[in-house]
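Here are some friendly notes to read alongside the model. Take them one at a time, with the structure open beside you.

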Amino acid sequence: MDIRYYILIPLLPLLAFVLNIVLGKALIKRHAHVVATAAVAVSLILSVRAFIEASSGAVINQDLYTWIASGQFKVSAGFLVDQLTAIMLIVVTSVSFLVHVYSIGYMHGDDGYPRFFSFLSLFTFSMLMLVMSNNFLQLYFGWEAVGLCSYFLIGFWYEKKSAADAAKKAFIVNRFGDFGFGLGVILIFLNFGSLHYADVFKNLGVIASATVMICGSEVSLPTLIALLLFCGAVGKSAQLPLHVWLPDAMEGPTPVSALIHAATMVTAGVFLVARANPIFTLSPVAMNVVAITGGLTAIFAATIALVQNDIKRVVAYSTVSQLGYMFVACGVGAFSAGIFHLYTHAFFKACLFLCAGSVMHAMGGELDVQKMGGLKKFMPVTYWTMLIASLSIAGIPGLSGFFSKDEILWKALSSGSPVGKFVWIIGVVTALLTAFYSFRILFLAFHGTFRGTEEQKHHLHESPSSMTIPLVVLSVGAIVAGYAGVPHILGGHDWIAGFLGKVVGLVSVGNPEHVEGAIHSHAEGEMSHEWLAMAVSVVVAVFGVASAAFFYLKRPELPKKIATMFAPIYKLLFNKYYVDEFYGLIIVRPCYWVSENILDKVTDKMFIEGIVNGLPALVQWSGQKLRRIQTGVVLHYALVMAVGVFLLAVLVLLGTGPAK
Amino acid sequence: MINTVCPIEQSCVLTTAILLPVLAAAALMLINRERHTTIKWIALAASIGNLIAVVPLFTNFDKTSARMQFVEQYRWIEAWHINYCVGVDGISVLFVLLSAIIATLCVLVSWNSVKDKVKEFYIAILFIEGAMIGVFAALDMFLFYMFWEAMLIPMYLLIGVWGGPNRLYAAVKFFLYTLTGSVLMLLGVVAIYIVTGTFDMVRLMNTQLPFNLQMLLFWAFFAAFAVKVPMFPVHTWLPDAHTEAPAAGSVILAAILIKMGAYGFLRFSLPMFPDASQAMAPAMVVLSVIAIIYGGIICLSQKDLKRLIAYSSVSHMGFVTLGIFSLNMQGMEGGILQMINHGVITGALFLCVGMVYERSHTREIADYGGLASVMPIFSAFFMVFTFASIGLPGTNGFVGEFLIILGGFTANKTAGILAATGVIIGAVYMLCLYQQVFYTGVNEKIAGLCDITLREIVTLLPLLILVFWIGFYPGAFTGFMDATVASLLVKLKGGEMHALNTLIQAVVR
């Protein structure tokens, strides 16, 4: 049996990248998309095969070759295809394929057409390496490589300073997270002697009760490792306090935002936490940190999204917020719910982004929703698909987003811990805000009257079919994807939880209290609670949509009034809580200041150089002074000699004198 | 006294590698100075010929052995027990190869940029090649010191004659700085000879010197090596030397010359003064970490392309010394690998800067901008080397830095963590540099520059291949070091036992 077909899944996009980057400019040119799209299409087909095999229970775990070896340290390049990987494979290759198709229309005529497709291929390769890795170091490889592609693609239009800045910012902010991630990986090696998942998860007992001293206080080792890994996740998944890069990343072409900054790369953090779930579950502290970080990020980003006018930034903040939900799920031990939301989110969020791209395409690059309006009749396909995706993200029953979000909220509530209840409340409020801001931009952009220029109005058109077909496919996904996880109380089987159960555990919290709570959830008494929780979710979703309709359809003058009434709050939200400014003030500028004024000017130039140049100067100076002795005048020498003789004579006489 | 440790299995690979460029340099002296093309082709042929000559080192090296290989030994000055003895082990073999590659690339990059005193220039380059291979191959201290100082003169001339506007200051500074260090090393060499009666390095590696003497010698050699590395705070010659040196000079400085300091630690300090090295390792780790962070942060405010890359070398060499003095397998292998990596990456970056300087005649970062639109192929190459310098997985920089941080963390947790911050800083200054030079609108000062030629692509391509080769299959290179580093560590651990014994004895008394 050919079990190595899966190597082709990442390899084909890599080949496409090499072909396009080397020959793209000279030879392939306008046909770059053929190479790239064909490669990812075959990867998609092979991923489906891998998925089918994984659902029959087969797990592939194979080393390819030894990557790095030194002494006892040895790590291989290898592949693991289990159920978690299989779901990720489907998400990555299918969204990537659709984005490739969409880009054919969207990027048409761009000077960097082959470059764009080569980076899309490179990204797909890197993301696949990330999810298919069987060890932490290769995961780190994929992790950094997707960051690199993100850098290239955010800065795709590098002539624009804002794009170049955003790309740099994304990479550097992520480096802060990866700093922790890297140390976590090192700690894992030092404690387990291996970086392979199988070896690590088999020997968890080694660290279960170990502690380390940090600054005089004892910290449990699982907590430390889990939190260090989570640092990486915080960076990559744009959680507080490292969320600042993602909204800026919208400088990249919209298909990139859909693929990298919504559906795949940013979810890598969630994937990491789910993959390392055996370590996380060992540490209740780390789990709570994950849940609370997720919850706070969710509501934080949602409040910002309420007032932004840039259509892509609203969707970006919405992504940050939804990623927060996924971490909430992981934090309360419901890893499968987190992955479930990751998977449904990929469809509706990619759809939202591509719709935004379609709108931009029609509006000549305009992003401000205040300058849109009434687009519904010009671009019906975009409107309907965006409507479906918005309904889905708002959590309206029957669509994907409802099932996954409700699952998360229910798992948070039913976990029984105070943290669980806390994040549930946050989650419900965020759900309300989500429904509101999603429909706010939909109503502002598609309903009412057109507020743009005449020229823009003249230009309005529906996008070409290469763009609308992916929209339709994704919107179908935004409806049906959720049926993989219909909960038991709605007569479903929660298939995805069972499917992922082999990797993340059915009830996956190590804390016995949690386990009990979760078991209780299946009891009859809890059923009514579950209905109640679901009812709350539905009510807030509908209320959110309705209030958006009220404010932006019925009384469009109201929002401005409210904004002026609560001007300070509005300003705070509009300026994203001034986080960027804060970082600039306390990190960026001090670093540059120290660099220029202390290290360069004082230590290096004044201090070290002072000594270095001072020594020869001293030698020269003393030379100058001593030179005066050598006057060349015989009389002086004679004088000095006479004085010397005299002194010597005195000394001799004095020395011998008293002895007599 | 005849050396008995070096097995007498004469091969002539190393002597050829040392003599071939020197003889070619001598041959150049006989050629009419106006015949530039002939001179350049002879220099190229000699350097490529040397590259072919050293191939057996790569293919025939016995990776399972920690002994010196390709050893050649001839009596030289019998009265002083000085021999001509050369050979390589797992630590030095890769540097001989790297020297041969770098010298060839230096000839290539100077093809059109050096127009003045062409003959003397290539004589200097070839002479340097012979001397630097000699440094890495020498197994006799006297011979080593000779090669070590022989490097200095042509390098001084390279900066002082073909350098930038402030070249004399930089050249003299470079010369005095390194000479000061070397003089102390010379005292150390003499002291060792007086105590042991031999210059034979292999014998000395197996000789146990008294602890106090070890300490004295450690510091004497440290002076020479720390200046060369350069370690903080004796690094200030490097930015000046790099900035003023011609492209080929910067490349040799960055890729080979500063490696000699770290190589000296591995060849002398650790095996010959193991107890002192262990005692001083914490201090070395502290200096290394300071260099990593200091060198990184100071890069943020640099306005000159070459100066920035020079300071980044201080930071990267901090990683190297951290790895070496973490005194464990991962750290030391990572350190040695990072020496190669830094040679490849920074060598490539200086080659790149040389290429663009040849066109624009400016090194001010502010004079650039939008170069990616003007020179797309060049910017792709530069991008690869930038990310290798940042240490992106898949490039060679990652493997080295990861092993060093792993080793450093094992030795001293704080040092490992602080070193890891260097990785963040590295990303900041390199990406800022890349953005300012290559992105945003095209600066009119560089508008219309032509992209790199085939010759220049050929110059950069070998280093590009090495970046990915080491990045994806470092085993091909770390395999050379395994046996040697392991045996060196056994020696150090043995030294640890010995130091412990002396300590116990002292307490008992």
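1. Start with the contacts inside chain A of this predicted model. Counting contacts in chain A between residues at least 6 apart in sequence, 79% join residues at least 24 apart.

2. Next, the overall make-up of chain A. Chain A holds 28 helices and 4 strands, and its C-alpha trace spans about 125 × 65 × 60 Å along the principal axes. Of the 660 residues in chain A, 54% are buried.

3. Now look at where the two chains touch. Here 38 residues of chain A are in contact with 40 residues of chain B. On the chain A side, the elements giving two or more residues are β1 (60–70), α5 (136–154), α6 (161–192) and α27 (579–627). The largest share, 13 residues, comes from α6(A). Sorted by class, this side of chain A has 23 nonpolar, 6 polar and 9 charged residues.

4. Finally, turn to a pair of helices in chain B. How do we describe two packed helices? We use the angle between their axes and the distance between the axes. For α14 (residues 305–325) and α15 (residues 329–360) of chain B, the axes come within 8 Å and cross at roughly 170 degrees. Angles over 145 degrees count as roughly antiparallel, so α14(B) is roughly antiparallel to α15(B).

5. On α14(B) they include B:Leu305, B:Ile309, B:Phe319 and B:Ile324; on α15(B) they include B:Gly331, B:Met339, B:Leu349 and B:Val353. By class, the contact of α14(B) with α15(B) has 11 nonpolar, 9 polar and 1 charged residues.

Terms used. Residues numbered from 1 in each chain as written. Chains lettered and ligands numbered in written order. Predicted model: local features only at pLDDT ≥ 70, side-chain atom pairs only at ≥ 80, totals over all residues. Contact = placed C-beta atoms within 7 Å. Nonpolar A, V, L, I, M, F, W, Y, C, P; charged D, E, K, R; others polar. Buried ≥ 20, exposed ≤ 12 C-beta atoms within 10 Å, placed from the backbone. Axes fitted to C-alpha atoms, helices over the stretch in contact; angles between N-to-C directions. Parallel < 35°, antiparallel > 145°, perpendicular 65-115°, else oblique.
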